[in-house]
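Dear colleague,

Please find below the structure that I am handing over to you, followed by a summary of what was found in it.

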Amino acid sequence: MEGQNVVFSCVVDGNPLPSVSWTKNGQGLNVEANSRLTALPTNNNHNLTVTDVHRSDAGQYRCVANNSVNTSTSS
């Protein structure tokens, strides 16, 4: 996998429409600060792409959906 691209996906739906963020090993990912990370929503489908994967990228990635009613985290 090293040197390749990896895409994580989750489908998010809710009312009101939730905001989506991503975590790695329980810590929030700052997608804007890492040029190898890209988070793109397409309708209800949210993708996190890690380009040029390194060994240090290993971990548990989760999608977090949050609105004024609830917060839900992928497993």
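A salt bridge is taken here as a side-chain nitrogen of Lys or Arg within 4 Å of a carboxyl oxygen of Asp or Glu. Please note that the model is a predicted one.

With that cut-off in mind, Lys24 deserves a look. This residue, part of strand β2 (residues 19-24), is buried but forms no salt bridge. The nearest side chain of opposite charge belongs to Asp57, 4.8 Å away. The Lys24 side chain does reach the backbone oxygen of Ser56, at 2.7 Å. Apart from residues up to four places away in sequence, Lys24 touches Leu29, Ser56, Asp57, Ala58, Gly59, Gln60 and Tyr61.

Tyr61 is also a member of the largest nonpolar core, which has twelve residues, among them Val6, Trp22, Leu37 and Val50. Strands β1 (6-11), β5 (45-50) and β6 (61-66) each contribute at least two residues to this core, and β6 gives the most, with three. Beyond its neighbours within four places in sequence, Val50 is in contact with Gln4, Asn5, Val6, Phe8, Arg36, Leu37 and Asp57.

Finally, a search of the whole structure finds one aromatic pair. The ring centres of Phe8 and Tyr61 are 4.6 Å apart and the planes lie at 20°, so the pair is stacked. The pair links distant parts of the chain, with Phe8 in strand β1 and Tyr61 in strand β6, 53 residues apart. Phe8 counts as partly exposed, at 26% relative accessibility, whereas Tyr61 counts as buried, at 12%.

With kind regards

Note on methods:
Residues numbered from 1 in each chain as written. Predicted model: local features only at pLDDT ≥ 70, side-chain atom pairs only at ≥ 80, totals over all residues. Heavy atoms only, no water. Helix = DSSP H or I, 4+ residues; strand = E, 2+ residues; numbered from the N terminus. Buried < 20%, exposed > 50% of the residue type's maximum accessible area, 1.4 Å probe, protein only. Lys, Arg positive; Asp, Glu negative; His and termini not counted. Polar contact = N/O pair within 3.5 Å; in protein donor to acceptor, adjacent residues only side chain to side chain. Contact = heavy atoms within 4.5 Å. Core = buried A, V, L, I, M, F, W, Y, C linked by side-chain atoms within 4.5 Å. Phe/Tyr/Trp six-rings, centres within 6.5 Å; stacked < 30°, edge-to-face > 60°.
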